[in-house]
Amino acid sequence: FDAVPQFASLEDACAVGAQAEIDNYSLYDEWLATVEEYPDITQVFTALRDASQYQHLPAFEACAG
């Protein structure tokens, strides 16, 4: 296992979380192009992408200040 990262502050940790969510929803955008023939998978990937972009990211951004 990788070591658990340490952060100087909660704001720093939240900034890393925000970037992780940006990377995450960008990855789902890439994956969506590969599963367009599978509506059930498209629906799941879209829901997960939207949660990252519209729920998780704003929470991390608010925390980061």
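**Before you click.** You're looking at a predicted model, where local features need pLDDT of at least 70 and side-chain atom pairs count only at pLDDT 80 or more, while totals for chains, interfaces and linings use all residues. Residues are numbered from 1 along each chain as its sequence is written, and side-chain values use heavy atoms, with hydrogens and water left out.

**Stop 1: the whole chain.** Show the cartoon. You'll find two helices and zero strands; these are DSSP runs (helices H or I, at least four residues; strands E, at least two), numbered from the N terminus. The protein chain is more spread out than a compact globule, because its radius of gyration is 14 Å, well over the 11 Å that the globule rule gives for 65 residues. That radius is taken over C-alpha atoms, and the rule is 2.2 Å times the number of residues to the power 0.38. Switch to the C-alpha trace, and it spans about 45 × 30 × 15 Å along its principal axes.

The accessible area is about 4800 Å², with 58% of it belonging to carbon and sulfur atoms; it comes from the Shrake-Rupley method with a 1.4 Å probe, and for residues only the protein chains shown count as cover. Buried residues make up 20% of the 65. Here, buried means under 20% relative accessible area, exposed means over 50%, and partly exposed is in between (1.4 Å probe, protein chains only).

**Stop 2: the disulfide.** Select Cys14 and Cys63. They are joined by a disulfide, S to S 1.8 Å (the cut-off is a pair of cysteine sulfur atoms within 2.5 Å), and the count for the structure comes to one. Cys14 sits in helix α1 (residues 10–34) and Cys63 in helix α2 (residues 39–64), so the pair ties together parts that are 49 residues apart in sequence. The torsion about the S-S bond is about 55°, so this disulfide is right-handed. Which end is buried, and which is partly exposed? Cys14 is buried at 6% relative accessible area, whereas Cys63 counts as partly exposed at 25%.

**Stop 3: the rings.** Next, pick Tyr28, Trp31 and Phe45, which ring pairs link into a cluster. Rings of Phe, Tyr and Trp (its six-membered ring) pair if their centres lie within 6.5 Å; planes under 30 degrees apart count as stacked, over 60 as edge-to-face and the rest as tilted. The structure holds three aromatic pairs. One of them is Tyr28 with Phe45, tilted, at 5.6 Å centre to centre with 55° between the planes. Both of these residues are buried. Trp31 and Phe45 have ring centres 5.5 Å apart and planes at 40°, so that pair is tilted. This pair links distant parts of the chain, with Trp31 in helix α1 and Phe45 in helix α2, 14 residues apart. Check the surface again: Trp31 is partly exposed at 37%, while Phe45 is buried at 18%.

**Stop 4: along α1.** Finally, select the helix α1. Its 25 residues reach 37 Å from first C-alpha to last, close to the 36 Å expected at 1.5 Å a residue (the expected span is 1.5 Å times one less than the number of residues). Colour its buried residues, among them Gly17, Ala18, Glu21, Tyr25 and Leu32. What covers them? Show α2, which is included in that cover.

Key:
Contact means heavy atoms within 4.5 Å.
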